Amino acid sequence: MMEALTKEIFNDNIKAAKSICVLGHVSPDGDCVGSTLAVYNYINNMRAGEDFRLQNYLEPINDKFLFMNGSGLISDDSGDGKVYELAIVCDCGDEKRMGRFEKYYKHAKKALLIDHHFTNVGFGDFGIVRGDASSTAEVLYDLFEERYFDKNIAECLYTGLAHDTGVFRYSSTSTHTMEIASKCMEAGINFTKIIDESFFAMNFDQKIVLGTVLGNMKKRMDGKLVYSSIDMETRKKLNAEDMDMDGMIDQIRTTTDALVGVYMYETKDGRVKISLRSNSDLVDVSRVASANCGGGHKKAAGCFMSLDFEKNMDEIEADVRSQLG
């Protein structure tokens, strides 16, 4: 049974552990990468000069996140056989979201969970799940001791905040979110560069993928439900990697009159990744995501579904209609 993770428990466990691993979710996004690296830098600041072992594990991250301190030291080797005294899990809605790195969590003597997905039922020894928070980065800031906070951590947290709020546009953005962003700016980060280069910028190949995705757009329910998809055959023609799929849902979501936006793409393991976004307080997209072993938030969620794009859309449309009444 997971017990409540307080600021004191969080910091006491970090100070005491001889070995620590930091874990996030599969297909790491800005909040996942930013949060795990914020923890990595925080631990190094707190334990400076001490003899201990620290490692972050994530699937390969997008090049646009390589500006964050410690990004080059992230390991994607899930077969190194190492065991850690403490596992810190960030931004994971459930245990399976850790993918092939779940073993490090299971083998650790103690595990701490920090998350903001309200669909998270809790796991680990101690945890905090704040469904009202904009991002895991926001939750972490409130756990950190100010004396260890620096520019490196500020860059990581700001990246998490910016990405999970759609650059402070989503309704999850609160005055507290902006207070933390302000603290990060006061630390001297180049916030305009972080936003431009990690959120908005796309390379030439990604622009070609975007053109294809927008060209494939369809609508249902008189435009209230808009969606697009890309299969593996098309991906191979475009030489599009999983990282190139990032940001496509935001281009679909902002369609005029759309209440819900959906983006589907076939993955290399033969599944279809679904990203869902809601522009309406009347539609909770986490419902259909949770029904398909996914999760997220009321206005932003994801899951995996079948290879039949239109069948997937039939299920999504049925759920949207049931919520609208």
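Me: Which side chain meets K64 in a salt bridge?
Reply: D246 does, at 2.4 Å from N to O. Keep in mind that this is a predicted model.

Me: Where do K64 and D246 sit in the chain?
Reply: They come from distant parts, 182 residues apart. K64 is in the loop between β3 (53-57) and β4 (86-90), while D246 is in the loop between α9 (232-238) and α10 (248-253).

Me: And D246, what does its accessibility count as?
Reply: D246 counts as partly exposed, because its relative accessibility is 35%.

Me: How many salt bridges does the structure hold?
Reply: It holds 20. Another one joins the side chains of E138 and R130, at 3.4 Å from N to O.

Me: Is E138 buried or exposed?
Reply: Buried: E138 has a relative accessible area of 1%.

Me: OK, what about E310, which side chain does that one meet?
Reply: E310 meets R220 in a salt bridge, 2.7 Å from N to O. E310 lies in helix α12 and R220 in strand β7, so the pair ties together parts that are 90 residues apart in sequence.

Me: How do the accessibilities of those two come out?
Reply: R220 is buried, with 13% relative accessible area. E310 is at 30%, so it counts as partly exposed.

Me: Which residues are in the network that includes that pair?
Reply: Salt bridges with shared partners connect K218, R220, E310, D314, E317 and R321 into one network.

Me: Switching to the sheet. What's the strand order?
Reply: It runs β7-β8-β9-β10-β12-β11, six strands in an open sheet with mixed pairing.

Me: Which strands stand at the edges?
Reply: β7 (218-220) and β11 (295-296) do. Each has a single partner strand, so one side of each is left without a neighbour in the sheet.

Me: In what sense do β9 and β10 pair, and over how many bridges?
Reply: Antiparallel, over seven bridges, with β9 covering residues 260-266 and β10 covering residues 272-278. To pick one spot, V262 has L276 in β10 as its bridge partner.

Methods: Residues are numbered from 1 along each chain as its sequence is written. This is a predicted model: local features need pLDDT of at least 70, side-chain atom pairs count only at pLDDT 80 or more; totals for chains, interfaces and linings use all residues. Side-chain values use heavy atoms; hydrogens and water are left out. Two strands pair if DSSP finds at least two bridges between them. Helices (H or I, at least four residues) and strands (E, at least two) are DSSP runs, numbered from the N terminus. A salt bridge is a side-chain nitrogen of Lys or Arg within 4 Å of a carboxyl oxygen of Asp or Glu. Buried means under 20% relative accessible area, exposed over 50%, partly exposed in between (1.4 Å probe, protein chains only).
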